[in-house]
Amino acid sequence: MGRRTFFSFHNATSTAMVLLLALFFSSTVAGSDPLFSCGPSSPSRAYPFCDRSLPAARRAADLVSRLTVAEKVSQLGDEAAGVPRLSVPPYKWWSEGLHGLAFWGHGMRFNGTVTGVTSFPQVLLTTASFDDGLWFRIGQAIGREARALYNLGQAEGLTIWSPNVNIFRDPRWGRGQETPGEDPAVASKYGVAFVRGIQGSTPAGAPATLQASACCKHATAYDLEDWNGVARYDFDARVTLQDLADTFNPPFQSCVVDGKASCVMCAYTGINGVPACASSDLLTKTFRGAWGLDGYVSSDCDAVAIMHDAQRYVPTPEDTVAVALKAGLDLNCGTYTQEHGMAAIQQGKMTEKDVDKALTNLFAVRMRLGHFDGDPRGNALYGRLGAADVCTADHKNLALEAAQDGIVLLKNDAGILPLDRSAVGSAAVIGHNANDPLVLSGNYFGPACETTTPLEGIQSYVRNVRFLAGCSSAACGYAATGQAAALASSSEYVFLFMGLSQDQEKEGLDRTSLLLPGKQQSLITAVASAARRPVILVLLTGGPVDITFAQSNPKIGAILWAGYPGQAGGLAIARVLFGDHNPSGRLPVTWYPEEFTKVPMTDMRMRADPATGYPGRSYRFYRGNTIYKFGYGLSYSKFSHQLVTGGKNQLAPSTSLLAGLFATTKDTTSYYHVDDIGADGCEQLKFPAEVEVQNHGPMDGKHSVLMFLRWPNETDGRPVSQLIGFRSQHIKAGEKANVRFDVSPCEHFSRAREDGKKVIDRGSHFLMVGKEELQISFEA
């Protein structure tokens, strides 16, 4: 996201400068009353588009039919003009809510009654909780705060361009921090939960009036910023149908089909020679046709202009606008379609009906948001939301819960953690990330209601704390190694807060190395050597880092990954360190060694190719050494698992059911086609699987149970293993709990062929939980 002109400047500035710029641009107008149409005194009140009893699409079509061509074209950009003669107010489509409402975009302002919003952890850390209930509640909170700002007149839009459900394919990707990680099943579950939360959905489905509109981005196969001279603006991703079917597209499909997202955003990149925002196969055939999108399709910012200026896809600006809208694009983030849309119509490149189709989709979403139902403060669901509903105690507690549930304990030699606060007489806190409030937020952040840095978190537990940054920034070109070592040698306990910042990884910037930058490693090693007892290393990063040196150093007793943990990050870290919270986070990405950087980022293949030495990507296909594996994470307690069999827990469908369903399938001798089984058949094939989990102590705590499937072999592109489900459960020390999974063979046992078609292999499949494994025969 982001205008190219803004981010070329942004990339050359510090995060602090970005914050100052955001504050400046958001301070021009104060909030007052919300914008709306169809009020009691509106001259348009008698028109059908003001009739709440009519379907949103019909109301939208009526409004569009009353617009002139010029008025229609003025609606095609993210800043849509008002139509005073119809009492239609202007509208700003671009707002961000990745992990809290953000400065980025034009729709939200933080300069009125509300000056701060809840800042949750960056998405990758939240994902490490493997708790979709938590993800739903975060989305719900962000949606409530957005609606509150709208009611206060501090928002000119309620279309939130979040979540980012791209697959974190390469560990160097600067925006991997924004995503739910490398696994398509996790990304899908995250997208569904977050979308439902932000839009105000209940178990019964989406509400008649959306709390806010969510947009799943950036479709599809987008995961490169600027690597080795290749920029996202003109990168043509060469992706196999197999990888599209089982890796890149599933999160977007789940967003639309299961989450009922009201928007999908197409990416800058080309896909096999066609820009994503010009692909009718993607925007119309897939989003609307196959998945049934009820909403609008937006471009990433300036993506339409880029199709002409950088990608040279078609000859003229008018051709560019026409090919995008005719492919199924409804909205261009930017002004390009507004500038060239009229000429495109006049030149016969596209018709007014092409514009009408796009505008009907756009206005239908605004109808569903209640913007044409009179004063939104009279809405029964959301009308009373206001300043008291922003930065509430519940939301602050939720930010703390999300941070502490996501923190991953990577190393804990000799049980050095948790610490007894009464036994810690003095502590040294060393590191550039120890007392920097901005590093807590990652990117796409707003003004947090409050922040607790790691230093402040430690100080709340230990009275005698001395602090030294050690490095002036994450780049760590110079390290105060001697001072740091002296401080460490004179303190009982040493905490190191190291890692990355947005100067190493962000939108527009990929990493070239997986090592800690500059002199960080030598500083850590020197401090550990000088310390009286093994030190505790806390890493604040988005993407993974190669810390082999710390893994094997006995003077580094414990390592935690804390991502970018949001406003309550410092307190969350301290609560884990001192045992007030038992860590339960698990890594949502593979941590690769530095040698992985030899693999070109532009190689989009997920599957390994042993013949050429290509190692593959993600735990599903990677064949190489790792620093830490996907799903890794320690606890202060010992947990065991057992797959429950027998009795009512019938693992696998019955043979007679399989025979009946497969009697008419067009199968080969080795597999069944999922399309042939059909929706009803797939529903009948579902069966429950139950796992008994025991907490052997010594502490109560949450535990995430991850269930995987593996095939008998890895031929024909089969994954090494595939996550099929996860559940997070709080279990008291010494107690057991049964965790249920609903297994759908069509979804979980299927694999993608080279042509992208889903099939279920005949014969054996293996369910795996921890070291437990159970064979299931899938045969009629």
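What is the strand order in the open sheet of 3 strands? I read it as β20-β26-β25, with antiparallel pairing. Strands here are DSSP runs of E with at least two residues, helices are runs of H or I with at least four, and both are numbered from the N terminus. Two strands pair if DSSP finds at least two bridges between them.

A note on the source: this is a predicted model, where local features need pLDDT of at least 70, side-chain atom pairs count only at pLDDT 80 or more, and totals for chains, interfaces and linings use all residues. Residues are numbered from 1 along each chain as its sequence is written, and side-chain values use heavy atoms, with hydrogens and water left out.

I then followed β20 to its partner. β20 pairs with β26 (residues 758–761) in the antiparallel sense over 3 bridges, and Tyr-671 stands opposite Asp-761 in β26.

Last, I turned to the helices. The axes of α8 (residues 241–248) and α9 (residues 250–257) come within 6 Å and cross at roughly 50°. Axes are lines fitted to C-alpha atoms, for helices over the stretch in contact, and angles run from 0 to 180 degrees between N-to-C directions. So α8 is oblique to α9; oblique is what remains after under 35 degrees (roughly parallel), over 145 (roughly antiparallel) and 65 to 115 (roughly perpendicular).
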